[in-house]
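Good morning, and thank you for joining.

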Amino acid sequence: TLRLIYTTTAVRRKNVGASGPEKYTEAFIKKQIEEFNLGKRHLANMMGEDPETFTQEDIDRAIAYLFPSGLFDKQARPMMKHPTEIFPEQRKIQWGEDGRPFHFLFYTGKQSYYSLMHETYEKLLNAQKYQDQLTAQDLSPQKEKKNLAGNRWLTKIELEEMLLEKLSDVDYSRFIQLLQKLLTLPCGDIEEKYIQKFCKEVPAQLKKVVIEPLKYDERGVAFSTGEGTRKTARATAVVYDNGTGKITVNGIDILHYFPVLQDREQLLFPFQFLDRIGKHDMVCTVSGGGRSAQAGAIRLASAKALRSFVTEQEVEFMRQAGLLTVDPRVKERKKPGQEGARRKFTWKKR
Amino acid sequence: RDTPRASVYSPPLVPCRLTQVRWSRYNPSFLEPEVNKELYQKSWEQLSEEEKEKMELKAVRPIKAAPPTVSSSVFSDPMISKFTNMMMKDGNKVLARSLMAQTLEAVKRKQLEKYHKAPEDEKETIECNPYVIFHQALKNCQPIIGLSSITKGGKTYQVPVPLKDNRKRFLAMKWLITECRENKNRRMLMPEKLSQELLQAFNNEGPIIKKKHVLHKMAEANRAYAHFRWW
């Protein structure tokens, strides 16, 4: 029996665009757009704002003010958005009045997918022909290595939205394989424009997090705070500059609070990684969890606090060493019919 | 107590009757953390092509949290941590780690004794670093071929099979631990017996090396069945 464990909102969301031919006619959508624009101007008038410069954020705020709702599901609350967001794009009817379909691949069932594959293969053949021409003229093809790390292919859901058709996993993987083959050819640079339709930029991970500036306390010593969690333990750490390397946890020295060597090693890990063992003082508070979880929580908190003292490159090194990620592992729940999370009851034949 | 649901990942569903039991709390795009400080101290030009590509990939992907057993200090060694985990019983890591520390101390003491008693010219050949002794002893204990039971035509044959690196290391550590647990006198403690076995393995003597040679001889004897292997 299969057990589906991984679900996100994206997976659960129904791909309405691919479910079938259109349920909303074009005239209907046009009328909805007109009504939306009119309603937007009325709303701006009601709120006392200028109808010309009334943005979508203003609309959302106005609706939240006029119709307050305590419902948990955001999609169930009253909303006023442009009709193209509410009525998703759907495929128009694929055949004419005489019943004859427009597209020549209609009877394959997945017409947009197969036409896409045909186009991509055509580009591949073009690239190969170009390469043959170059070798015939004895010119070597220039190979500039494109940086692939910053881009990712479109996911299956995004491709489905683009094609307005349901895809299977096998279809999707075959398409990605074709694109990768096109990339590896030496003359693939010609088809770059075509390939970029299916690429997306991935920003560097570092830029997502904002590093706080240093704060100064009454004595003029620089300090910074950080918070960390691990399993059920929550910790806050305050790291002071110009220190002797003394670390205090809940008012107790670490030698007394953590008798085990492994925990103390974990506390000193961020400092040892940055070669700043004797230079900082630390005062932390921790609650919840067990011995090892508290140590892990303090480690994360101190690493986060140290980010403000250190250059950007060192912060990137800390992230690559795994010091700045929250550990998502928690205790697995016990299931009914089993003794523990994984352990089953003793199997008796009779 | 909140159970975060969106960060759970399981591999994509396979369309036949397979139960997915192995899953992880991390998304598959997360990469393993690299704790070794020396890699980060190298400047950009000194890195080779592969390492540059890896660094570029790491800049874009998220990275898993470092486990609590791993640290960037000089004292943490992946092989020693693996061995400590194998020695651990009922999750008592504190006891296992203290036993390991006592073993390494005992090895160092014995070697220092030997060092002070030896004449001048032999002093350089005696190895005093317990980590080096541990690594060398494990290397000496690793078998090269193993036996695998393959059923063909109703009969089960023991076929000689090349072993992977992980499997070799695992077998060496397993033999060491079982040897120390079973073949010791009633009053002898684990660290003492382990240090004895480690030093014997370092000099290529002792029961574990003998076990390795026996396995090699069996593989040599069953050479005729080697063609039964299909991988």
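The side chains of A:D60 and A:K81 form a salt bridge of 3.7 Å, N to O; the term requires a side-chain nitrogen of Lys or Arg within 4 Å of a carboxyl oxygen of Asp or Glu. A:D60 belongs to helix α3 (residues 56-66) of chain A and A:K81 to the loop between α3 and α4 (83-86), so the pair ties together parts 21 residues apart in sequence. This is a predicted model, in which local features need pLDDT of at least 70, side-chain atom pairs count only at pLDDT 80 or more, and totals for chains, interfaces and linings use all residues. Residues are numbered from 1 along each chain as its sequence is written, chains are lettered from A and ligands numbered from 1 in the order in which they are written, and side-chain values use heavy atoms, with hydrogens and water left out.

Over all chains, the structure holds 23 salt bridges. Another joins A:E158 and A:K200 (3.0 Å, N to O). Here A:E158 lies in helix α6 and A:K200 in strand β2 (residues 199-201) of chain A, so parts 42 residues apart in sequence are tied together. A:R152 is linked with A:E158 and A:K200 in a network of salt bridges.

Conventions:
Helix = DSSP H or I, 4+ residues; strand = E, 2+ residues; numbered from the N terminus.
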